[in-house]
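Please keep the structure in view while reading.

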Amino acid sequence: MRWNYRELRFARTIMFTVEEINQDSKLLQGVRLGYRLYNGCGSENVVRAAVQAVSEGKENCNGRMLGLIGHSSSGVTQDINHIVSPLSVPHLSHLSTCACLSNKKIYPTFFRTVPSDFFQISALLQLMKYFEWRWVGIIYSPSLYSSEGLKTFGKLSSHYGICIEYSVKYWKSKSHDHVVEALKTSTAKVVLLFMSLSYANSFLSKFEGYDIPRKQYIGTEAWITQRELATVERKNILQGTMGFALPQASQPGLRDFLLQLKPLDEPQSEIVKALWGHMFGCSFTPSNTSVMCTGSEDLLGIPNGYADFKEFRTEINVYKAVYSLAHALRSLLQCSNGLNPTTGKACVNKSEVRPKDVLEHLHHVNFTTSSGDKVYFDENGDSASRYDLVNWQISDNGSVEIVNIGIYDTSLTQGENLQLINSKITWGGGNNKVVKSVCREPCPPGTRKAINKNRPVCCFDCFECPEGTISNKSDSTECMACPPEFWPNELKDKCLSKPTEYLSYKEIMGTLLTIFSCIGVFLSLLVFIIFLTHKETPIVKANNSELSFLLLFSLKLCFLCSLTFIGRPSEWSCMLRHTAFGITFVLCISCILGKTLLVLVAFRATLPGSSMMKRFGPLQQRLSVVMVTLVQVVICILWLSTNPPFPKMNMKHYKEKIILECDLGSAVGFWAVLGYIGCLALLCFVLAFLARKLPDTFNEAKLITFSMLIFCAVWITFIPAYVSSPGKFTVAVEIFAILASTFGLLICIFFPKCYIIIFRPQQNSKKLLRVKVQARGL
């Protein structure tokens, strides 16, 4: 015979509670409760007992049954309720936790003082989510409690991101090879044992000798606090096991009452006598094989399952169930002005109490026990849900300490209802740290998670974020695009400010261009000094020294204006660089144009009767330079007043960096400036070409022709190079064009004259000029 000591404690708790209620003169005035206990061994006996209880309750008023308490098993409770519900008999359970029993359409008279498995499963899923256990296995028993619990777990698991690798059924009497295979080959490191106490004991007995990889086992309230399951052989399995248990409770006097059990006090109970003989190895009848029982043996003197308890995690629910019936009866018997204050119906005499009346008032029960626990039922007949999270810590000799490491309380706000004390935890799995149980490691930042339709949702794929996007947290399902001013780092987990690029003085290209610009200024200044020193010589006077000095000044400005293109663009630098470039170049070309016209006019004036020199004297030369330059000034003023250049960040050319550049503002204005310069350059070239056969010792026709040829070639080449050059190279091309064309003008026009002045001073004479003129027949 298999003894269930826990059920005996439940029965004794009913006796204690009824006795306590009857001793309370205020709770049920003039009414005493009675009880009848039935053998709960075997489901058939229990159902037979339920039928017997209902039928016997109709005999007389003294024996009327007003409520039924039990059973511990959800499956048996289901069968019992199908019997008592048609008779409207209140049915309370202290340990039937199946969530299916909350269905009031099927179980209308059912109530329970133990939380529904719906809340336990929610707590289990929150625990798994807390420790990142996304990949779990489940072993369950063939009972209503386990099968319905598995269904609920499966429905809720996706909401918490938990996946089930396998769920296998364990049978006591059948082969368990499939369970061994699942435990050995699975990758899940966490295993939920969803089974009743008897199945848990059977499972541990059979598997304690197997060489199974270490796992983190999770238990349910049905067995997680039963110390008798712990042995030295099972330490490999149970060490570090966690689970949610009914909360610890204490009730004054209950422990002493349970330990006062004596066969002499229950002489009519054959069960108590048989149990006593089993525990102490004695007999109440003479026998040659065993000693006689005295009936006064000490329960605490030997280890036994009945006295092996430290707290009333389950017994307190029996206590609450009996008190719930008592408070429902008390509410029913209250009367005020001929009406019941709770329901507003007519008052009921205690001799007329019917089970359905008690059932009606059970819905309104709301009281607090002497130990401070609040008891009430919701619309489904469920009571308040609170659990202790416990952890098994087994020593080398097999003794176990079940340590409270947290709580789960549905009355607290979401996110705070699970509270843990991590420092108290002892872990399973062969080490003292949290095990990892995932099908796939979380997608790191910089990647996105994609569901694989052919695998469970936890077995996802990770893909690197596309260019220009990031993910800054693990398991991100989408990659976010960086703002235009930002670009992802190498790991693609954060957006960094894009580096800005512009032609700087500090970089090699900017430094070289600056040096060449300074060299140009220096050479222009050197030529200016040479010309100033030899201003009275024929070669300087030959083509209007005033225009020569103005040309040298404008060339220096052209070299200097190239510096405005270097450095970080600003509002003023953008407007200055283009306008300064346009005006200085027009000033330079207007001087060259004046010198070219002067050459032509000078030699035309030598013809008989010509008055050309009078019409193109110094005043006219100055006015021509001013007027030609003034046209460019007007163009620049119109450009700046309508749509001037401005600094902008170019983020289209390069994705990973920002080009700081000057937007032209009005493209028409920019090309008008360039076009005007081009027209003047072309005009100079044509006029110089026409004067190419004139004496070249002191005049500049040939030199201007070459210089303007170089100038035009540079700027014609500049246009496609400018359009196609990316980023700061656009500015570099523009500076190069300015420097190249300016150097071309300086070298072609002034260096030959400087060479004559310094190295061939004998050629710097009027006599030589007259000889060459006569030689050409002019």
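## Helix packing and sheets

Helix α4 (residues 117–130) packs against helix α5, the two axes lying 10 Å apart at an angle of about 50 degrees. The model is a predicted one. On the α4 side, the contact is formed by Asp117, Phe118, Gln120, Ile121, Ser122, Leu125 and Met128. On the α5 side, Tyr145, Gly149, Thr152, Phe153, Leu156 and Ser157 take part. Sorted by class, the contact of α4 with α5 comprises seven nonpolar, five polar and one charged residues.

The crossing of α13 and α15 is left-handed. Residues of α13 that meet α15 include Val521, Leu525, Phe528 and Phe531, and among their counterparts in α15 are Phe549, Leu552, Leu555 and Phe559. By class, the contact of α13 with α15 has eleven nonpolar, four polar and one charged residues.

| Helix pair | Axis distance | Angle |
|---|---|---|
| α4 and α5 | 10 Å apart | about 50 degrees |

### The eight-stranded sheet

In which order do the eight strands of the open, mixed sheet lie? The order is β5-β4-β6-β7-β8-β13-β14-β15. At the edges are β5 and β15 (418–420), each of which pairs on one side only. From one strand to the next, the twist averages 25 degrees.

Strand β4 (residues 135–140) pairs with strand β5 (residues 163–169) in the parallel sense, over six bridges. Between these two strands the chain passes through helix α5 (residues 144–157), and this β-α-β crossover is right-handed. Strand β4 is also joined to strand β6 (residues 190–194), by five bridges, and these two strands run parallel. Valine 136 illustrates both pairings: its bridge partner in β5 is isoleucine 164, and its bridge partner in β6 is valine 190.

Helix α5 touches β4, β5 and β6, and its direction makes about 160 degrees with that of β4. Helix α6 (residues 177–185) lies across β4, β5, β6 and β7 (216–219) and runs at about 155 degrees to β5.

### The three-stranded sheet

Another open sheet has three strands in the order β1-β2-β3, with parallel pairing. Its edge strands are β1 (68–69) and β3 (110–112), each pairing on one side only. Strand β1 is joined to strand β2 (residues 91–93) by two bridges, and isoleucine 69 stands opposite leucine 92 in β2.

### Two backbone details

Which form does the peptide bond from glycine 70 to histidine 71 take, cis or trans? The bond is cis, with omega near 10 degrees. Histidine 71 is placed in the loop between β1 and α3 (74–84).

Glutamate 132, in the loop between α4 and β4, has a positive phi of about 60 degrees although it is not a glycine.

Terms used. Residues are numbered from 1 along each chain as its sequence is written. This is a predicted model: local features need pLDDT of at least 70, side-chain atom pairs count only at pLDDT 80 or more; totals for chains, interfaces and linings use all residues. Side-chain values use heavy atoms; hydrogens and water are left out. Two strands pair if DSSP finds at least two bridges between them. Helices (H or I, at least four residues) and strands (E, at least two) are DSSP runs, numbered from the N terminus. A crossover is right-handed if, with the strands pointing away from the viewer, the path from the first strand over the helix to the second runs clockwise. Axes are lines fitted to C-alpha atoms, for helices over the stretch in contact, and angles run from 0 to 180 degrees between N-to-C directions. Contact means heavy atoms within 4.5 Å. Ala, Val, Leu, Ile, Met, Phe, Trp, Tyr, Cys and Pro count as nonpolar, Asp, Glu, Lys and Arg as charged, and the others, Gly among them, as polar. A crossing is left-handed if the near helix is turned anticlockwise from the far one by less than a right angle, and right-handed if clockwise.
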